[in-house]
Amino acid sequence: MSSTAIEIQSKRGMWGGGNEPLKASYGKLMMWFFLLSDIFTFTAFLITYGAIRMSYPAYAGESADFVSSNEYWPIPERIFDAVPFIHGVHFPLVFVGLMTFILILSSVTMVLAVEAGHRNDKKDVVKWMLWTLLGGITFLSCQAWEWSHFIHGTDEGTLLTYVNSASNLVSETVYGANLIVNEYGPAPFAQLFFFITGFHGFHVTLGVFLLFLAFYQAAVGVYEERGHYEMIEKIGLYWHFVDLVWVFVFTFFYLI
Amino acid sequence: MEHDNHKELEVIPRDSAKIKKIWMTALILFMVTAVEFLLAFTMDRGLLLYIIFIVLTIVKAKYIMMEFMHLGDEAKPLFYSIIVPLIFLVWLIIALMREGADIFLMRW
């Protein structure tokens, strides 16, 4: 069998069939191409953010004197400045920074799980999968708090003139955010926040389900029975991708 | 792929050099994020700062894709079939930034 296979290969070349030009299993290839399509989706969202932001005036004054208004796009570090349990103190970007660290850390424990899978080390796989799972759940909890704070808003609110859902022009103090009006800036600012971080959070939620599945199956010995830990690798690819997207969301939504 | 039932998988001992490399990559990612964080409060907002942020983000993306997702270790055709389609995004960025700027001129 092996001698004929070699003969055919040499005649047909790399793409002539009878071999694996991409040298990856079906599952891993499909995960990569799914992730490529997901890169396009997320990039389209972030580019949309850029285009809509550019269609609004920027805040002209000093960053320290910033006041919210729906006339111009807000400065993110003046908006995202709250941390849980400490009320009314200005901690710009500290909480999202923490969330970034948590997600990167859970990505690291995921690589360690994949590495343990290559060594068929069930004990290490289970240990690192559990840490990754914890990281994912912690990140989701942080995002839930972040959303809740964003929706409920600050104590002061902002006095805005805007067109409400009944198509009337009203002038009132607005607290927090919804899809029609928000106290931070123009309506698309909150819409894009919900849309982009929400879609990312949805991916994280799916990831946490997959992580739990992999953790459970590794723990009860499904992969040991199967003879390889490739499932850990595939779910790992997805989990790193979620981290990769967050790195971009962090830059374009919170830093710039 | 082996599909026959291996009840007894041989456990290969840890390679500390490999594990050290993973933690080194993690350290780099943390440091880059810390630098971004620091720059956000020390530099004036403007085009230069935005370019620095984008470059640092691409550096982080490179480390995540190459070291964590092992894209660099895959066969070359697979590597390029993931990286090359991203060229389309360059056009999308140019087109929509231009579009945004034009909407701005129409509105104000």
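In α4(A), the residues Gly97(A), Thr100(A), Phe101(A), Ile104(A), Val108(A), Val111(A), Leu112(A) and Glu115(A) meet Lys18(B), Ile19(B), Ile22(B), Ala26(B), Leu29(B), Phe30(B), Thr33(B) and Phe37(B) of α1(B). Two residues are in contact if their C-beta atoms, placed from the backbone, lie within 7 Å. Helices (H or I, at least four residues) and strands (E, at least two) are DSSP runs, numbered from the N terminus. By class, this contact of α4(A) with α1(B) has eleven nonpolar, three polar and two charged residues. Ala, Val, Leu, Ile, Met, Phe, Trp, Tyr, Cys and Pro count as nonpolar, Asp, Glu, Lys and Arg as charged, and the others, Gly among them, as polar.

This is a predicted model, in which local features need pLDDT of at least 70 and side-chain atom pairs count only at pLDDT 80 or more, while totals for chains, interfaces and linings use all residues. Residues are numbered from 1 along each chain as its sequence is written, and chains are lettered from A and ligands numbered from 1 in the order in which they are written.

**Geometry of the helix pairs**

α4(A) packs against helix α1 (residues 16-42) of chain B at an angle of about 165 degrees, and their axes are 10 Å apart. Axes are lines fitted to C-alpha atoms, for helices over the stretch in contact, and angles run from 0 to 180 degrees between N-to-C directions. That angle makes α4(A) roughly antiparallel to α1(B). Angles under 35 degrees count as roughly parallel, over 145 as roughly antiparallel, 65 to 115 as roughly perpendicular and the rest as oblique. The crossing of α4(A) and α1(B) is right-handed. A crossing is left-handed if the near helix is turned anticlockwise from the far one by less than a right angle, and right-handed if clockwise.

Between the chains, α8(A) also meets helix α2 (residues 47-68) of chain B; their axes come within 10 Å and cross at roughly 175 degrees. α8(A) and α2(B) are therefore roughly antiparallel to each other. On the α8(A) side the contact is made by His240(A), Asp243(A), Leu244(A), Val247(A), Phe248(A), Thr251(A) and Leu255(A), and on the α2(B) side by Phe53(B), Ile54(B), Thr57(B), Lys60(B), Ala61(B), Ile64(B), Met65(B) and Phe68(B). These residues divide into ten nonpolar, three polar and two charged.

The crossing of α4(A) and α5(A) is left-handed. Their contact holds 15 nonpolar, eight polar and two charged residues.

| Helix pair | Crossing angle | Axis separation |
|---|---|---|
| α4(A) and α1(B) | about 165 degrees | 10 Å |
| α8(A) and α2(B) | roughly 175 degrees | within 10 Å |

**The interface as a whole**

In total, 43 residues of chain A are in contact with 47 residues of chain B. On the side of chain A that touches chain B, α2 (26-54), α4, α7 (222-226) and α8 (230-255) each supply at least two residues. The largest share, nine residues, comes from α4(A). By class, this side of chain A has 22 nonpolar, 13 polar and eight charged residues.

**The two chains**

Chain A has eight helices and two strands, in the order α-α-α-α-α-β-β-α-α-α from the N terminus on. The radius of gyration of chain A is 24 Å, whereas a compact globule of 256 residues would have one near 18 Å. This radius is taken over C-alpha atoms, and the globule rule is 2.2 Å times the number of residues to the power 0.38. Along its principal axes the C-alpha trace of chain A spans about 80 × 40 × 35 Å. Of its 256 residues, 37% count as buried. A residue is buried if 20 or more other C-beta atoms lie within 10 Å of its own, exposed if 12 or fewer, and partly exposed in between, with C-beta atoms placed from the backbone. His152(A), found in helix α5 of chain A, counts as exposed, with 10 C-beta neighbours inside 10 Å.

Chain B has four helices and zero strands. Its radius of gyration is 21 Å, well over the 13 Å that the globule rule gives for 108 residues, so chain B is more spread out than a compact globule. The C-alpha atoms of chain B fill a box of roughly 70 × 35 × 20 Å, taken along the principal axes. Of the 108 residues of chain B, 9% count as buried. Asp102(B) lies in helix α4 (residues 87-107) of chain B and is partly exposed, with 13 other C-beta atoms within 10 Å.
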